[in-house]
Amino acid sequence: MSLPCNLTQPQENEYLNCIRCGLCLAVCPTYRVHKNETASPRGLVALARKSLEGELELTPNLAEQMYACLDCLACNDICPVGIRPADLALEMRHVQEQIRPSGWKDTLFGELIAKPARMEAATLPLRIYQSSGLRRLVYTLHLRRLLPTRLRDLEGMLPRLPRRPLRRVLPEVTKARGESRYQVGFFLGCAQSLLFAAESAATVRVLARNGCTVITPRDTVCCGMPTAGYGRMDLAKAHARFNIALFEKTATDVIVTDCATCGSKLKDYGQMLADEPEWAERAAAFSAKVRDISEFLMSIPLEKPAGRIAARVTYHDPCHLRRAQKVWQQPRALMQLIDGIDFVELPESDWCCGSAGSQLITHYETSLAVLERKMDNLKSTGAEMVASGCPGCQMQLTTGIKRRQMDVKVVHPIALLDQAYAREENPQ
Amino acid sequence: MNSTLIIELIKIIGKDGVLTSPEDLAVYSYDSTFEEHHPDVVVLPTSTEQVSQVVKLAARERIPVVTRGMASGLAAASVPFSGGIVLCLTRMDRLLELDEENAVVHVEAGVITANLQTEVEKKGLFYPPDPSSIRHSTIGGNIACNAGGPRCLKYGVTGDYVLGLTVVLADGQVIHTGGKVIKDVVGYDLTALFTGSEGTLGVITEALLRLITRPEFARTALVEFNSIEDASQTVNAILTAGIVPATLELMDHTAISCIEEAMHLGLPLDVAAILLVETDGQEESSVTREIETAAEICTRHSARKVTVARDESERQGLWKARRSVAPALARLAPNKLGEDITVPRSAIPEAVRRLKLVSAKYGLPIVIFGHAGDGNLHPNILFDKRDPQQWARVEQMVAEEFAIALDLGGTLSGEHGVGTLKRPYLERALGPVSVEIQKRIKRSLDPQNILNPGKVLPD
């Protein structure tokens, strides 16, 4: 049985030349856990091809194999033929959605994620849980023990949330300290600005301190990554168009994000909308301006902080930063600008931590197994802090650390820099 | 496959290790060739005992059992053409013992070869065989196919390091061959018999491997030539001068440009051939002296340029390139058929010349690279299998490749094995008497013909 022909589906050249050499098996985190071909990139490509060519039916089980992929992109990078199994997995999720749409995704990605105010409302219970002191009570009375392990792991992921969402408190324009040398657009990521608001606030402070006028459009919507990840490429494109139009109204030299995932998606808008005549050029122009925060900071004359942070620090590469954006030297260099930091490399730093957005919720065992290896590596470094510029990775690492009761702090590299600047003003 | 058998398998392995969905069967239908055939069930055992029970069950029911690891094979040896059970040993991946005093490691078959190397190298030991698939193939598969690799020129092939094996026989019995001893002449050498038997005589589940001291120094040179003939003649000149490099790898122009396109290493694109020469050893001075002598010989044999890698990362880059040649070729055509014919090394220039003629005759490109130092060449035919005319030509070309190898005193395969693809040519290579003896060996070990049926030997 072949698929209906009017679908948006992967092109033949995306899978045809897979020679099944198996190189991708060597770098795939899910293969490493399951040691099963079905959980491998080569397996995904075979399944995609067979279902697109009508040899296999696109069953829910087949689609599930596409969802089991962490989208860490390691296979894309290693494939000597240039096949991109991780991309193919996302495209197949989209094919599945076109054949068997799941209604809740319209609501989640069309109505909730696309509306910042609703996202804030949806996360209100979490803010209340923390600000009312309920969370402290749970910890003081050791009530977490009573939670089932899975729920406890999810609770453990939760960072300290601000009382008010950052979007409400951050001014639309933050003036540069001293002479303004750059007009920087700041893209407020959903997870980063809602859950790690203190870090995003730090991003803006560091930018302003280094001669940037920071323009933060408040109406930005989700970058589109989770939406595309759940097979709704159509809605992700709508997010993209909205964000592009929004930033076109601002005068910016660059658009900076402090979220690895947002960065990778924003840089992909050009590609995503390449087939839409009205948008192709605008999307390409938008994507060309996008920079990860560490990428941008290391490209300008950056003020070396006088404050010290005495700590052994290691760094976990977010897949969407290292692989999708090839940014991996900059965050390391940025942290090593700070006096006192004893930087140590994390073994397998570029292996996925298992977060992959929501994988801890949807694929708990696999996600945890991938995380356990990350924790073994983290432990071997003896680091007191692990830095990573991705909210998903940060939450996942926090879960791992709490599970093992390790004494390691998870931070965004930018938060360290901000702290070093602050210490210079108020030396401890 | 009937459901009571599935239930029995689940009782042996556990639910997580028995796969039956159409998706699972589809991804266990292939190896690294273009061949495919679905198995009826896939099992992923975690111990020799489980393997033994599965094989007992298969013997009782006369069901084919096809053993595999990561399916990186290039001869369709692990494609289950007769259906039945695919026995995938990737979950048997424990390193059971590293005996430093005797320099022997005891491993399960599913250990990834690169992981094995990393582990023993931590202790200053060395497991030399290095098939290009080192990161995505298992030691069990390497032994079952007696895998080679670039370093085999100096260090020998997989089989040279196998001291003993744990094998599950066709009736489910478990035997242990060999041991931790270097010398052993008691009885027939069953270890050697199972090594390279491609899953047709027994299921290798564990191995005792001999290790050597890790060489401390290595120097690698990239040598450019204006003709592939010059390059292949240089190979002989280096070896007859008494230098035994760890590796002597040959790549022709197409191979080089493919890698460069895939990896952007800055390889020269206007050369006809490259030799990759590596010397290694315990003393830096002798390693350096050897690479310098090799470089001089190259220059005398009209090498255009000799570049010695300056540091470890440059060296790693060159090897990464070499290991990616075969897969990178797929950028050029949907299919490739890579053989691994072997000739006496003095015949390499002639073999290369004749292979080029075959390519011209049939109008399909043959890319040539390989382990020139030991006469093991990888002519790869590039084609599109969807075009029946091309496929027909490919089949004729392969036959001619094999004829060239045999005519020059060589053989069909140096390291990939026979599997399904070379089976039709076996008798021509070995002669009827040898084939008949091998058939008798097969019958005595597997009278019901359930272990990887239809592979290696002709019917």
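Reader: How many residues does the contact take from chain A and from chain B?

Author: In this predicted model, local features need pLDDT of at least 70 and side-chain atom pairs count only at pLDDT 80 or more, while totals for chains, interfaces and linings use all residues. Residues are numbered from 1 along each chain as its sequence is written, and chains are lettered from A and ligands numbered from 1 in the order in which they are written. Counting two residues as in contact if their C-beta atoms, placed from the backbone, lie within 7 Å, the contact takes from chain A 24 residues and from chain B 29 residues.

Reader: From which element comes the largest share of the side of chain A that touches chain B?

Author: Helices (H or I, at least four residues) and strands (E, at least two) are DSSP runs, numbered from the N terminus. The elements giving two or more residues to this side are helix H2 (41-52) and helix H3 (60-67) of chain A. The largest share, four residues, comes from H2(A).

Reader: Which strands of chain B stand at the edges of the sheet?

Author: The open sheet has seven strands in the order S15-S12-S14-S13-S17-S18-S16 (chain B), with antiparallel pairing, where two strands pair if DSSP finds at least two bridges between them. A strand at the edge has a single partner strand, so one side of it is left without a neighbour in the sheet. In chain B these are strand S15 (303-308) and strand S16 (335-338).

Reader: Which residue in S14(B) is the bridge partner of Val223(B)?

Author: Strand S12 (residues 217-225) and strand S14 (residues 273-281) of chain B pair in the antiparallel sense over nine bridges. In S14(B), the partner of Val223(B) is Leu275(B).

Reader: How do H10(A) and H24(A) stand to each other, and what is the handedness of their crossing?

Author: Helix H10 (residues 149-157) and helix H24 (residues 391-404) of chain A pack at an angle of about 125°, with their axes 8 Å apart; axes are lines fitted to C-alpha atoms over the stretch in contact, and angles run from 0 to 180 degrees between N-to-C directions. Angles under 35 degrees count as roughly parallel, over 145 as roughly antiparallel, 65 to 115 as roughly perpendicular and the rest as oblique, so H10(A) is oblique to H24(A). A crossing is left-handed if the near helix is turned anticlockwise from the far one by less than a right angle, and right-handed if clockwise. The crossing of H10(A) and H24(A) is right-handed.
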